[in-house]
Amino acid sequence: MIRPLSRTALTLDIVGAALLFLVLLPMSLVFYGPAVGNTATGGAAIAIVVIAGVLMFGGVAIGRLAPGLALAAAWVGAVLQMLAGFGPLPIDFAILLVLYATAAWGTRRVLWWGFGSALVGGLVAALYMVVFNGVAFGSGSGWEKVTAGTLLLVLGHGTRLRLGVRVALAGGAALTAHPRGPTAGRVPRR
């Protein structure tokens with residue numbers, strides 16, 4: 001869905017995304033590039049990360065105009081980044097901005113796609129960092145490292161799930177606390 005957007009708002013979105021791209025992409029390449037010993041950072045890998053950054057910040061630029069397309073662009077950029085062999089980079093900040101755009105300006109369906117993307121993307125990123133990118137805990141064997149990463153993953157999702165259940169239960173209790181229901185005391189519109 002493409003929303004109507006004023007020329008000024010679209011210009012501000014594009015300029016803001018371009019400025020963030022110009023600040024965060026060099027940081028991503030300098031701090032995580034060949035100088036720090038990353039073996040995955042050949043010329044092709046760096047070109048792929050630049051393309052991924054263009055896609056992600058392109059999504060930021062069109063976030064208000066077309067939140068669904070912005071989400072798709074962010075996903076393609078994230079997958080390209082992982083295919084290039086990079087872990088989390090500063091350009092990934094764009095993903096948070098795109099997720100905000102899906103929640104703020106998207107339809108109900110796009111909002112739920114953004115919510116699902118946050119959950120699935122977090123799981124994919126965690127698995128990628130633990131299994132493929134070699135995030136390690138201690139000096140154990142590969143299986144022990146995967147087990148430690150999986151434990152952190154389960155604990156993190158379990159904490160969020162318990163918090164979500166508590167919030168939902170508290171919200172339901174607040175709605176049913178009034179003897180006549182949640183709409184008691186409101187004057188009906190004519």
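Predicted model: local features only at pLDDT ≥ 70, side-chain atom pairs only at ≥ 80, totals over all residues.
An aromatic pair is formed by Phe-21 and Phe-57, with the ring centres 6.0 Å apart and an angle of 70° between the planes, an edge-to-face arrangement. Phe-21 belongs to helix α1 (residues 7-32) and Phe-57 to helix α2 (residues 43-61), so the pair ties together parts that are 36 residues apart in sequence. Phe-57 is also buried, its relative accessible area being 3%.

A second aromatic pair joins Trp-112 and Phe-115, and this pair is edge-to-face too, at 5.5 Å centre to centre and with 90° between the planes. Both of these residues are part of helix α5, where Trp-112 and Phe-115 are three residues apart, or about one turn of the helix. In an α-helix there are 3.6 residues a turn, so residues three or four places apart point the same way. Phe-115 is partly exposed, with a relative accessible area of 45%. The count of aromatic pairs comes to three.

The chain as a whole is built from helices. Six helices and zero strands are present in the protein chain, and the pattern along the sequence reads α-α-α-α-α-α. The protein chain has 190 residues, of which 26% count as buried. Its accessible surface amounts to about 12,200 Å², and carbon and sulfur atoms account for 73% of this area. Of the contacts between residues at least 6 apart in sequence, 70% join residues at least 24 apart.

Helix α5 spans residues 108-132, which gives 25 residues. From the first C-alpha to the last, helix α5 reaches 34 Å, close to the 36 Å expected at 1.5 Å a residue. The buried residues of α5 are Val-110, Gly-114, Ser-117, Ala-126, Tyr-128 and Val-130.

One salt bridge was found in a search of the whole structure. In this salt bridge the side chains of Arg-64 and Asp-13 meet, at 2.9 Å from N to O. Asp-13 lies in helix α1 and Arg-64 in the loop between α2 and α3 (67-83), so parts that are 51 residues apart in sequence are tied together by the pair. Asp-13 is buried, with a relative accessible area of 15%, whereas Arg-64 is partly exposed at 23%. Side chains of opposite charge can pair when their charged atoms come close.

The segment before α1 contains Ile-2. At 62% relative accessibility, Ile-2 counts as exposed. When residues up to four places away in sequence are not counted, Ile-2 touches Leu-65 and Ala-66. Ile-2 and Gly-106 are 104 residues apart in sequence, while the distance in space, C-alpha to C-alpha, is 9.6 Å.

Technical notes
Residues numbered from 1 in each chain as written. Heavy atoms only, no water. Helix = DSSP H or I, 4+ residues; strand = E, 2+ residues; numbered from the N terminus. Expected span 1.5 Å × (residues − 1). Buried < 20%, exposed > 50% of the residue type's maximum accessible area, 1.4 Å probe, protein only. Contact = heavy atoms within 4.5 Å. Areas by Shrake-Rupley, 256 points an atom, 1.4 Å probe, with all protein chains shown as cover. Phe/Tyr/Trp six-rings, centres within 6.5 Å; stacked < 30°, edge-to-face > 60°. Salt bridge = Lys/Arg side-chain N within 4 Å of Asp/Glu carboxyl O.
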